[in-house]
Amino acid sequence: MARQPRAWQRMLSGRRLDLLDPTPVDIEIEDIAHGLAFVARWNGQTHGDYPYSVAEHSLLVETLFARLCPQASPADRLTALLHDAPEYVIGDMISPVKAAVGPGYGELDKRLSAAIHIRFGLPAATPAKLKKMIKKADTVSAFMEATQIAGFTEAEATKFFGRPAPELMQGLDIQLRPPVAARNDYTRRHAALLERMP
């Protein structure tokens, strides 16, 4: 009888996370923050001495989401912060690669998202309206990243992501910094939002 391939990963916290059947009890924010801080957006193809991490991107998306939805609850803002959290173990793929890989990546992402959300007191599935607004913030972030650090012209970025309202981006210049700084800020922001939840 053939052995089943190993489907779990040992995390720095000591947890064993089953990637195919994740459970909320094996999710730790420190693992998420650390992993995301070392996963590069844009396949690492960005200007600067440090990669632009998914942790940094997530902090920007949460800030943009709050500007788009100033009345958003702490839970909604936490959902925005965690929107790419599964990438701490499955990595970040640019959209063309996700399309080529097919539905398998999406299913992994969906299962991990559900476990992460439940772990932090959020609905397993993000409501459609909230998901749409987070996606809008994510798209504004993509435009900013594309034009500020990924070498796109404004015309190219507008073609792919649309041109956001300037006031949404005001004062939010992207600064590349060491992964540990993004990791610590991500962990702090998560704690602050969790504390404000009922």
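1. The second largest pocket holds about 170 Å³ of space. A pocket here is an open set of points on a 1 Å grid over the protein atoms alone, with protein on both sides within 12 Å along at least five of seven lines, and lining residues have an atom within 4 Å of a point. Grid points are joined across faces, edges and corners, and the volume is the space filled by probe spheres (1.4 Å probe) set on the points.

2. Before going on, please keep in mind that this is a predicted model: local features need pLDDT of at least 70, side-chain atom pairs count only at pLDDT 80 or more, and totals for chains, interfaces and linings use all residues. Residues are numbered from 1 along each chain as its sequence is written, and side-chain values use heavy atoms, with hydrogens and water left out.

3. Which residues line the second largest pocket? Among them are Tyr52, Glu56, Leu59, Gly171, Asp173 and Arg177. By class, this lining has five nonpolar, three polar and three charged residues; Ala, Val, Leu, Ile, Met, Phe, Trp, Tyr, Cys and Pro count as nonpolar, Asp, Glu, Lys and Arg as charged, and the others, Gly among them, as polar.

4. Glu56 and Arg177 also belong to a network of salt bridges with Asp185 and Arg188. (A salt bridge is a side-chain nitrogen of Lys or Arg within 4 Å of a carboxyl oxygen of Asp or Glu.) Within it, the closest N and O atoms of aspartate 185 and arginine 177 are 2.8 Å apart.

5. The whole structure has ten salt bridges. One of them joins arginine 41 to glutamate 145 at 2.7 Å, N to O. This pair links distant parts of the chain, 104 residues apart: arginine 41 sits in the loop between helix H1 (29-37) and helix H2 (54-68), glutamate 145 in helix H7 (residues 128-148). Helices are DSSP runs (H or I, at least four residues), numbered from the N terminus. Arginine 41 is buried at 10% relative accessible area, and glutamate 145 is buried at 0%; buried means under 20%, exposed over 50%, partly exposed in between (1.4 Å probe, protein chains only).

6. Finally, the largest pocket has a volume of about 1100 Å³. It is lined by 32 residues, and those closest to its centre are His83, Asp84, Lys98, Lys135 and Asp138. The largest share of the lining, seven residues, comes from H6.

Note on methods. Helix = DSSP H or I, 4+ residues; strand = E, 2+ residues; numbered from the N terminus.
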